[in-house]
Amino acid sequence: PLRKERLAADEALTLFWNERTPRASLAELCAAEGTPLEWGKLSRSLSATTQALVDLLTKAHVEDSADEKARKKAKREVQAALTAWLEAAAAATPSYDLGMGCLATASLLHEFGELLSPSLTWRSLELLWNTARHATAWNLGADAAPEDVVASQLFGVELPLTLAYLFAEMAPMARLAHAASDFLEGSTVELLNGHGLPRGAHLSALRPLAACWTRCAALAGETKGGKLSKKAGRQYRGLVRQALRWTAPDGTHLLSFEFSDAWPADFVRAALQMGGGKKDATAAADLLGAAFIGERETAKEPPQACYDCEWAGLAVMRRRFSADEPVIAIDYSTPQMRLDVWAGRRRLLGGVIAAESRAGGKQFRPTGPWENLCWFTDKDINYLELSLPLRDGARLDRQIMLALRDGFMIVADHLHHPEAVALEHVVQLPLGPSLLFCGEGETRDALLVDGQPLARLIPLALPEWRIDPRVGELSFSGGAVRLAEKSMGKALACPLFVDLRPERAGRHSTWRQLTVAEGLQIQPPDVAVSYRIQSGKEQWVLYRSQGPRGNRSFLGQNTSNEFFIGRFLAPSGEVESLLEIEG
């Protein structure tokens, strides 16, 4: 009982501190080097009052405060910080910042409560308890902001579990654990796709959710009534794997352009301990280094590195978990598609793909979301094809392909219109930080450079030599690579070939538009297109049907497929198929 033998509130609190069962701190449960509340932060800056609490937790964990002088200093600091935070929290609405403040407050009371004034402690406990018991009424939905998604888990799951663990002798606190476990199971069903991946709109919450649920898993294992259900545990394990899969070569989060910290090693080790398997440990070691997995046992092979989910509107392309391998992440959950391209441990392209389509001078707007037409992966290729409906029966098809062993990517837009009209299409891809776009003087290709060539861009549908008068240009404007094309017909192809191998990108390259024939008749570009590409000593051939499929030939090849890409083999000159799509 909280007030044994009807003691006064202050006396009951003193009795509680004297007789409670000693418990490890959250940092000790998670084997964290600082406070686990610093893991996976959603934003760069918390409010000053909340950050002060988090900083005190870090200081308390790192510094030795056993001597009386240090404890007195810590008491003054914690008393002042909690007083300031309580004043701010009294008028605060539920938010990520308030949730973090509540969690930090609970841990500070656990560490220093017996040194603080009883009135401050009671005020803090009352606010935390009232906040936790009302948190299960939080309603989530597909339109919820990422910060609200994370905040709901801080209030509805982590705070109740924290209070039930740290203050188990207080019956009202102990009873919070059951509701937290139920809330977590419902949240995983609502927020994740069954394999640990959130919607594209919530992708920035992936790592903060992993941090929150890792702390919750540590608490649940030590709290009566707080054990994770089988369903929630399965989803959490999937989330840990997805968090690794969506890690950029520098350890930050893919598709995070404004704020993302690199994985802390203690966070990775804790996530693997609470929710990772042997394959996940292998993935973490391959991508981040052996120091990030500690003594965890690994498997011979990691899980599949690439992934696509139409429900989430997300896809990631990569050959394996390695910081040295190219990786492409795509968020197609809204018409404003986002792209993130890395190679050689550098972000080459990253941000919203801005596209503008016109027919007869009239601009088209999307009338619906992207539809996933095809996802294919094997040892050679990761391939995604999408379609976006436009006004007046027009549509924009987009192909994104990563050649895993050949080291190049293709982003190809195909604008379709029901009638033959003057078609115009412009696509802009934001350039990565600190990179230079260096267009060639006589040809229309370009290099991405940072002291040395990192990648080469080749506009396949444009003539190689600038002296050719046909319209279209590859240029740089407003921090983005800009590819513009014009044509007359029912379809317009706008493909961009990106050589991702720096050692090859700086060498000689060339490309040609090939003649496509059907029944001995040359076909116009709005029926079918084909290209030959050479970079260094390596060559490829690409074909795309722009309308109904037919039995067509190009460069000695014959196909009835909608799409074909192949690699020339030396010295025979034969073409080895990399990908064929029937359509």
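Trainee: How many disulfides does the structure hold?

Mentor: The structure holds zero disulfides, where a disulfide is defined as a pair of cysteine sulfur atoms within 2.5 Å. Before going further, note that this is a predicted model, in which local features need pLDDT of at least 70 and side-chain atom pairs count only at pLDDT 80 or more, whereas totals for chains, interfaces and linings use all residues. Residues are numbered from 1 along each chain as its sequence is written, and side-chain values use heavy atoms, with hydrogens and water left out.

Trainee: Why is the contact between Glu190 and Arg199 called a salt bridge?

Mentor: The term asks for a side-chain nitrogen of Lys or Arg within 4 Å of a carboxyl oxygen of Asp or Glu. The N to O distance between Glu190 and Arg199 is 4.0 Å, and therefore the pair meets the rule. Glu190 is partly exposed at 30%, whereas Arg199 is buried at 17%. By this rule the count comes to 35 salt bridges.

Trainee: What makes the pair of Arg504 and Glu538 a link between parts of the chain?

Mentor: Their side chains meet in a salt bridge at 2.8 Å, N to O. Arg504 belongs to helix α14 (residues 502-505) and Glu538 to strand β21 (residues 538-545), so the pair ties together parts that are 34 residues apart in sequence. Helices here are DSSP runs of H or I with at least four residues, strands are runs of E with at least two, and both are numbered from the N terminus. Arg504, at 3% relative accessibility, counts as buried, and Glu538, at 30%, counts as partly exposed.

Trainee: Which residues are linked in a network of salt bridges?

Mentor: The network links Lys379, Asp380, Arg405, Asp406, Arg567 and Glu576. Arg567 also has Glu576 as its bridge partner in β25.

Trainee: What makes β1 and β5 the edge strands of the open sheet?

Mentor: The sheet has five strands in the order β1-β2-β3-β4-β5, with antiparallel pairing. β1 (307-309) and β5 (346-352) each pair on one side only.

Trainee: Which residues have the most contacts inside the largest nonpolar core, and what makes it a core?

Mentor: A nonpolar core is a set of buried Ala, Val, Leu, Ile, Met, Phe, Trp, Tyr and Cys residues joined through side-chain atoms within 4.5 Å. The largest has 109 residues, and Leu163, Phe167, Trp213 and Trp246 have the most contacts inside it. Helix α7 (residues 146-166) gives the most to this core, with 12 residues.

Definitions and conventions:
Two strands pair if DSSP finds at least two bridges between them. Buried means under 20% relative accessible area, exposed over 50%, partly exposed in between (1.4 Å probe, protein chains only).
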